Amino acid sequence: MTRWSITLPASVPKSYLVQALARALAHGEPREEDLVARAAFVLGREWRWLLPVARRYIEAFGASRPRVRQVRDFILSDPAFQRAWERRVLRLAQPVPEPHAMHPAPFAANWGLPDIPNLAALAQWLRLSPSELEWFADQKGLLTRRVDTRLRHYSYRLLRKSSGGMRLIEAPKQHMRAIQRQILREILESIPVHAAAHGFVKGRSIRTFAALHAGRAVVLRMDLMDFFPSFTRARVQALFRMCGYPEGVADLVGGLCTSVAPRSLFAHLDFEHAASARELYGRAHLPQGAPTSPALANVCAYRMDCRLEGLARTSGAVYTRYADDLAFSGDEDFAHRAERFAASVAAIALDENFRVHFRKTRIMRQGVRQHLAGLVVNAHLNVPRRECDLLKAMLTNCIRHGPAQQNRDGLADFRSHLQGRVSFVESINPARGGRLRVLFEQIQWTSNA
């Protein structure tokens with residue numbers, strides 16, 4: 001039994017004792033021996049009931065990094081703690097201060113993340129004052145209630161989807177964008193993503209997303225609804241706690257990467273669309289348009305990717321994901337159970353807080369055109385013939401009549417636009433792209449084309 005030299009008065013309130021015990025359990029590794037040792041440090045002795053409490057703690061939270069208030073509620077509901085408190089045998093031997101060190105999960109220890117042990121270090125790292133840090137994080141959503149749009153950190157653009165819903169583009173303003181780019185560059189790009197994730201990942205693209213499904217008997221394509229808004233602020237903050245950042249630091253960094261849309265944005269919509277948009281965007285979520293959102297979405301979707309990859313593997317299928325597009329493919333055996341498999345995918349997605357857009361679900365067998373992210377995958381990876389024919393016709397007309405006449409959309413750099421389209425075809429089909437390249441080189445460009 002361990003005893004400690006520092007003893008506080010026995011009249012410490014229950015709330016103070018529970019708070020200290022909750023901090024001790026939350027700030028450290030969730031291993032039985034470590035949990036018991038930290039609790040014994042707070043209580044002054046290693047009570048026999050601490051081991052079963054530690055086991056129930058691991059059962060309740062697993063390897064996650066819960067908030068202190070979650071652990072406090074767990075302690076208050078634990079029968080062993082209640083019995084010990086009622087017997088009036090508990091004392092607070094040593095209070096636990098706020099954490100001032102990183103405590104990453106074991107698998108995150110080698111990610112090389114910047115050391116930000118407290119709020120002062122976070123403000124210094126971002127080159128902000130503490131008040132500026134609170135203002136940019138805006139965890140209480142105060143700025144969304146102000147009428148003056150100049151004080152908001154985002155510019156908003158509301159678009160109507162072809163399916164009838166609404167999509168909100170939230171573009172961060174200059175200073176907020178610089179903060180988010182620093183978080184992306186120095187933190188998020190160091191966190192590995194699942195091998196199945198191909199969107200917004202260096203070295204991966206729609207080509208790598210679709211290539212694994214070429215020449216398969218059946219291709220199943222599914223779409224997730226409202227992908228970025230489905231990631232809540234709490235989910236993002238939990239990720240940063242897992243990275244080892246103390247709760248206060250994780251909360252502020254999560255606030256810098258999430259947004260709450262002002263209710264006034266939806267005032268002009270009809271009742272049905274306004275209500276659904278307010279429900280979706282009126283809570284803190286990943287903003288579509290922020291530089292950090294794609295990387296955070298990939299990292300936060302890691303568990304879903306693991307589950308879907310495991311489901312695909314047991315069914316003899318291959319799985320890849322490009323943002324909200326899910327793709328599965330397999331042989332004839334998989335083709336026979338593709339519909340039941342799609343239902344299992346939807347159940348896993350729902351369990352991970354996503355909804356499948358069933359109207360966009362496609363089961364594509366070899367008898368029809370199999371396409372993913374605009375690429376055909378029936379026999380091998382290819383660009384749709386119609387798209388190549390249209391590009392070939394445009395290049396030919398540029399040669400005959402000049403590029404200015406073909407720039408019907410008034411693009412500022414039409415040459416780079418065409419060159420990019422040709423390069424894309426070359427990357428997918430070098431032979432066809434090479435023929436288009438020959439046509440492109442024959443275009444006579446003027447200074448204003």
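Q: How much space lies in the second largest pocket?
A: This is a predicted model, and the volume given here is therefore computed from the space filled by probe spheres set on grid points. For the second largest pocket, that space comes to about 740 Å³.

Q: Which residues that line the second largest pocket are the closest to its centre?
A: The second largest pocket is lined by 24 residues, and these divide into 15 nonpolar, four polar and five charged. Of the 24, the closest to the centre are Leu 239, Met 242, Val 299, Cys 300 and Arg 303.

Q: Which element gives the largest share of the lining of the second largest pocket?
A: Two or more residues of this lining come from each of helix 10 (233-242), helix 13 (293-300) and helix 14 (302-314). The largest share is six residues, and the element that gives them is helix 10.

Q: What is the volume of the largest pocket, and which residues are the closest to its centre?
A: The volume of the largest pocket is about 960 Å³. Its lining is made up of 36 residues, of which the closest to the centre are Lys 161, Met 225, Asp 226, Leu 280 and Arg 355.

Q: From which element does the largest share of the lining of the largest pocket come?
A: Strand 2 (166-172), strand 3 (218-225) and helix 12 (271-281) each supply at least two residues of this lining. The largest share, six residues, comes from helix 12.

Q: How many charged residues does the lining of the largest pocket have?
A: Sorted by class, the lining of the largest pocket has 14 nonpolar and 10 polar residues. The charged residues in this lining number 12.

Terms used: Residues are numbered from 1 along each chain as its sequence is written. This is a predicted model: local features need pLDDT of at least 70, side-chain atom pairs count only at pLDDT 80 or more; totals for chains, interfaces and linings use all residues. Side-chain values use heavy atoms; hydrogens and water are left out. On a 1 Å grid over the protein atoms alone, a cavity is a set of points where a 1.4 Å probe fits but cannot get out, and a pocket is an open set with protein on both sides within 12 Å along at least five of seven lines; lining residues have an atom within 4 Å of a point. Helices (H or I, at least four residues) and strands (E, at least two) are DSSP runs, numbered from the N terminus. Ala, Val, Leu, Ile, Met, Phe, Trp, Tyr, Cys and Pro count as nonpolar, Asp, Glu, Lys and Arg as charged, and the others, Gly among them, as polar.
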